[in-house]
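Dear colleague,

Please find below the structure that I am handing over to you. My notes on the helix packing and the charged pairs follow it.

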Amino acid sequence: MDNIKIDRINTLAHKAKSVGLTEEEKKERDALRKEYIATIRMNLRNQLDNINIKEKDGSITNLGEKYGSKKTH
């Protein structure tokens with residue numbers, strides 16, 4: 001998600017608090033929020049999938065591979 005969309009989310013949030021939003025603006029805000037949350041979840045999943053743990057025996061375990069959630073996004 002780019003900064004333009006994040007700025008638009010913030011603009012709509014400020015407008016909602018001050019004067020309110022039209023139905024079209026509410027739909028736009030909801031769509032942008034869903035996209036933002038999806039981006040955050042994808043980034044978090046990518047970080048978690050790339051965590052390696054060094055076991056006591058010295059071997060390295062990749063958590064993404066171990067728990068079967070490593071996918072191409």
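In these notes a residue is called buried when its relative accessible area is under 20%, exposed when it is over 50%, and partly exposed in between (1.4 Å probe, protein chains only). By that rule D49 is buried, with a relative accessible area of 3%.

This is a predicted model: local features need pLDDT of at least 70, side-chain atom pairs count only at pLDDT 80 or more, and totals for chains, interfaces and linings use all residues. Residues are numbered from 1 along each chain as its sequence is written, and side-chain values use heavy atoms, with hydrogens and water left out.

Helix packing

Helices (H or I, at least four residues) are DSSP runs numbered from the N terminus.

Where the two helices meet (contact means heavy atoms within 4.5 Å), helix 1 contributes K5, I6, R8, I9, L12, K15 and A16, and helix 2 contributes E25, E28, R29, L32, R33, E35 and Y36.

Salt bridges

Side chains of opposite charge can pair when their charged atoms come close. With a salt bridge taken as a side-chain nitrogen of Lys or Arg within 4 Å of a carboxyl oxygen of Asp or Glu, the count comes to six.

One of them joins K5 and E35, with the closest N and O atoms 2.9 Å apart. This pair links distant parts of the chain, K5 in helix 1 and E35 in helix 2, 30 residues apart. K5 counts as partly exposed at 31% relative accessibility, and E35 counts as partly exposed at 31%.

Another salt bridge pairs D49 with R45 at 3.4 Å between the closest N and O atoms. The two are four residues apart in helix 2, which means that about one helical turn separates them. R45 is partly exposed at 34% relative accessibility.

Yours sincerely
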